[in-house]
Amino acid sequence: MNQEVQEPTFQPPIPSSNDQSPELSSQQEEKLFLTFVADRDVPCPRCGHNLRAATQMKCMECGDDLRLAVAGATIVLRAFLCVIAPGFFAGILAIILTFIIVAQPGAPWEAYGYLAMGYGSGVISIVICGLRKRFLCLPLENQFGWAALNWLIHIALFYFTVWINF
Ligand SMILES: [Zn+2]
């Protein structure tokens, strides 16, 4: 977005002649990294924290280990998508159930309970979307832990619903 403002000024060190090795030592890599972030705004790939003037190859905000690489500007979203998926699925089911209830007046009271659960779950997923930056700052294991817990709750509620009705 600020490509005009942030013209790359980084000059990589010129390799010595006949240097065929593409591998960098960890000290060389750290030096390149610290030089790269010394005078430019670079967001942490996980939490977006500005890494300008970082003194180590680690995000000061989320603690993620960092390395210098050529890569697309993507964030690890798998756990985030896992954590919001069941709520959106439940919300969509609730919308469908609403149409069924409207089409057939006199639905049992339990149907309204399922509607409330579905819409509640959908709303929670929307709230999590709003808090996604904080969620993405969590260690990846914790992110997948929350996703697993959310799936367990939804599967348990689904089986409970089937069990009391059939
Ligand atoms: Zn970070």
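**Exercise 1.** How close do the axes of helix 2 (residues 78–103) and helix 5 (residues 140–165) come, and at roughly what angle do they cross? Then decide whether the two helices are roughly parallel or roughly antiparallel.

*Solution.* Keep in mind that you're working with a predicted model.

- Step 1: the axes of helix 2 and helix 5 come within 7 Å, and they cross at roughly 20°.
- Step 2: angles under 35 degrees count as roughly parallel.
- Step 3: helix 2 and helix 5 are therefore roughly parallel to each other.
- Step 4: the handedness of this crossing is left-handed.

**Exercise 2.** Which residues of helix 2 and helix 5 meet, and how do they divide into nonpolar, polar and charged?

*Solution.* 

- Step 1: on the helix 2 side, look for Ala-79, Phe-80, Cys-82, Val-83, Pro-86 and Ala-90.
- Step 2: their partners in helix 5 include Phe-144, Trp-146, Trp-151 and His-154.
- Step 3: sort the contact residues of this pair and you get 11 nonpolar, 3 polar and no charged.

**Exercise 3.** Now try helix 2 with helix 3 (residues 109–130): at roughly what angle do their axes cross, and which residues make the contact?

*Solution.* 

- Step 1: these axes come within 7 Å and cross at roughly 140°.
- Step 2: this crossing is left-handed.
- Step 3: helix 2 contributes residues including Gly-87, Gly-91 and Leu-97, while helix 3 brings, among them, Gly-118, Gly-122 and Ile-128.
- Step 4: the tally for this contact is 17 nonpolar, 7 polar and no charged.

**Exercise 4.** What is the average pLDDT of the protein chain, and over which residues is the pLDDT below 50?

*Solution.* 

- Step 1: the chain averages a pLDDT of 83, and 83% of the residues score at least 70.

Terms used
Residues are numbered from 1 along each chain as its sequence is written. This is a predicted model: local features need pLDDT of at least 70, side-chain atom pairs count only at pLDDT 80 or more; totals for chains, interfaces and linings use all residues. Axes are lines fitted to C-alpha atoms, for helices over the stretch in contact, and angles run from 0 to 180 degrees between N-to-C directions. Helices (H or I, at least four residues) and strands (E, at least two) are DSSP runs, numbered from the N terminus. Angles under 35 degrees count as roughly parallel, over 145 as roughly antiparallel, 65 to 115 as roughly perpendicular and the rest as oblique. A crossing is left-handed if the near helix is turned anticlockwise from the far one by less than a right angle, and right-handed if clockwise. Two residues are in contact if their C-beta atoms, placed from the backbone, lie within 7 Å. Ala, Val, Leu, Ile, Met, Phe, Trp, Tyr, Cys and Pro count as nonpolar, Asp, Glu, Lys and Arg as charged, and the others, Gly among them, as polar. pLDDT is the predictor's confidence in each residue, from 0 to 100.
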